[in-house]
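Me: Hi! Could you walk me through this structure with me?

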Amino acid sequence: MTESINTIPFSRMFKPKELEGYRKNLLSKNDPDSPKILICCGPGCQPSGSIEVAEEIKKAVIEAGWNGKVIPQVKMTGCHGLCSKGPLVTIEPEGIFYQKVKPKDVPEIVEKTLLNGELIKRLEYKNPATKQTHSHTKDIPFYGRQTRLVLKNIGHIDPFDINDAIMRGAYSGLAKALSEMMPGQIINEIKASGLRGRGGAGFSTGVKWESCASYPGTRYIICNADEGDPGAFMDRALLEGDPHSVLEGMALAALAIGSERGYLYVRLEYPLAVKTLTQGIRQAEELGLLGKNIMGTGFNFELSISRGAGAFVCGESSALMSSLEGKVGRPRPKYIRSVEKGFQDSPSNLNNVETYANIADIILNGGKWYKDFGTEESAGTKVFSLTGNIYNIGLVEVPMGVSLREMVYEIGGGIPKKREFKAVQTGGPSGGCIPKQFLDIPVAFGSLAKVGSIMGSGGMIVLDEDSCMVEIARYFTHFLVEESCGQCTPCREGLIRMLEILNRITKGEGQDGDIDTLEELGHFMTDFSLCGLGTSAGNPVLSTIKYFREEYEVHIQNKKCPAGVCKPLFNYSIDANECTGCGKCRLRCPVNAITGEKKKPHTMDRDLCIKCQECYKNCDFRAIMII
């Protein structure tokens, strides 16, 4: 994406009804059926060259002879979702989808597809299950099985252009609320929607707003954009691809609870999000949609951006507010809630990015409309980052209650290299691992908790048969040791002790009683830690012991790692009956530990082998064995 300040055709708006006239004027100058080339320039596609592709497309469009045809618009957008197939290019209004586009492909796209309506087969999406190719977004299961409410604009608008957002309805919910609704009516609509916080706790958004509005004092609206879970990028994609959905939601929350001041707490590692938000706030203020005297109604709401320093614990509400005040980001006991005394000891309403992004649509369409999506206890949709051992890695939005099986096999496309599904880890480093016997459970707040995991903010990591569950537990425990604030004994000492035990087990030094000690420590942390990080920090260990206890036992008793991950506990061998002599493993081996003639079974020198997994991962015939 490039930062471009677009000319705003009209002066500041002084009435809510002027927004609709402004929107219609923009639409009259931008035919929705005119051709558009949309290039994903999100953080997943940029490293693969999407910026270069976009620049090449702009150049090719200018140089092409259109012979009376409408010249297509070229837009650099936020994340299109299917991150593992980038750079992604879509062509509207036809909905043509091209994946893994390179700059050298651009002349052919312009000549064949844009000028002559021909499709380019090699750039189409290939379904891993059916091997069928699809040229249109609607035919790709990854997109076709989603319900995009929060993500509806991402991939269609230039996030640096407020006019793009307004044409698709941005700030219409705020205009409606300012002209037609009282603060209590806004809160009642949010309560009726059943919207629960999307940051992990799942508390009723409307009830939280109502509570905050009931306390006297200067009230604050705060957005938690300190997304720190490994593998999670939902909030990042929203802020980078559609910042105005979040800004409008915060303004509606401010109107509902009587606030004039808001803060976005964005982690330092999200520089592009800071840029889109900074420009979004400035453009909205110029149009009178944020700032002083919004749309001439006398309502004031000013926003500032605060950059977090990357501490995971600052995702916890009281630690975030402490950091926002310039203090050390440490949680405090919750005997007084932040809605009563939070930031600056004042009533403070904190929601996460996705929660605010839902608000405007609920105000426009009504709480009942929103509650028709999802389940009775978990209304609406949820955005997930789907990662791990899966074909379609990316950003997914589905109704609450969809099954894990549909997430993994229909939307995710299944497991690569014919590996077996083993588990899915949900809820970030404090979440749990859900084994295959629960593939058909619905993804919702209550159902995940029943099997020992949490939804968290929406991270979902798929694990295949080659994943070691002991190492998974060790990895997340190590992460939490690094990120714990160290303020309370159960979390500080419990995590360190757990990591010591897990380190020993993965090195082949496990002892009888280690499993029982891990369970005892996990339950103690759950019962006595100060904040949500500590109370859920035992989940990775407790859930893996519960469902994969035999792996722990094999590590401890037999000194073996069945998955071939813990290096001291396994060796590789080549099965002569399965080896075809293709030579792929030999060519991949960085230390020349594999020898053999073409079309004849190869052999491996274990003394040279460094267990880098290159041979195992790349063998198409499952001839590399773990022993």
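Me: How many cavities of 30 Å³ or more does a search of the whole structure find?
Reply: Three of them turn up. Keep in mind that this is a predicted model.

Me: And what volume does the largest cavity have?
Reply: About 90 Å³. Its lining consists of 14 residues, and those closest to the centre are C579, C582, C585, C619 and A623.

Me: How does that lining split by class?
Reply: The largest cavity is lined by eight nonpolar, four polar and two charged residues.

Me: OK, switching to helices. At what angle do α18 and α19 pack?
Reply: About 160 degrees, and their axes are 10 Å apart. Here α18 covers residues 489–506 and α19 covers 514–528.

Me: So are they roughly parallel or roughly antiparallel?
Reply: Roughly antiparallel, because the angle is about 160 degrees and angles over 145 count that way. The crossing of α18 past α19 is left-handed.

Me: Which residues make the contact?
Reply: From α18 they include L495, M498 and I501, and from α19 they include L518, L521 and F524. Taken by class, the residues of this contact are 11 nonpolar, three polar and three charged.

Me: What about phi of K100?
Reply: Phi is near 50 degrees there, a positive value in a residue other than glycine. K100 belongs to the loop between β4 and α3.

How values were computed. Residues numbered from 1 in each chain as written. Predicted model: local features only at pLDDT ≥ 70, side-chain atom pairs only at ≥ 80, totals over all residues. Heavy atoms only, no water. 1 Å grid on protein atoms, 1.4 Å probe; cavity = no way out; pocket = protein on both sides within 12 Å on 5 of 7 lines; lining within 4 Å. Points joined across faces, edges and corners; volume = space filled by probe spheres on them. Nonpolar A, V, L, I, M, F, W, Y, C, P; charged D, E, K, R; others polar. Axes fitted to C-alpha atoms, helices over the stretch in contact; angles between N-to-C directions. Helix = DSSP H or I, 4+ residues; strand = E, 2+ residues; numbered from the N terminus. Parallel < 35°, antiparallel > 145°, perpendicular 65-115°, else oblique. Left-handed = near helix turned anticlockwise from the far one by under 90°. Contact = heavy atoms within 4.5 Å.
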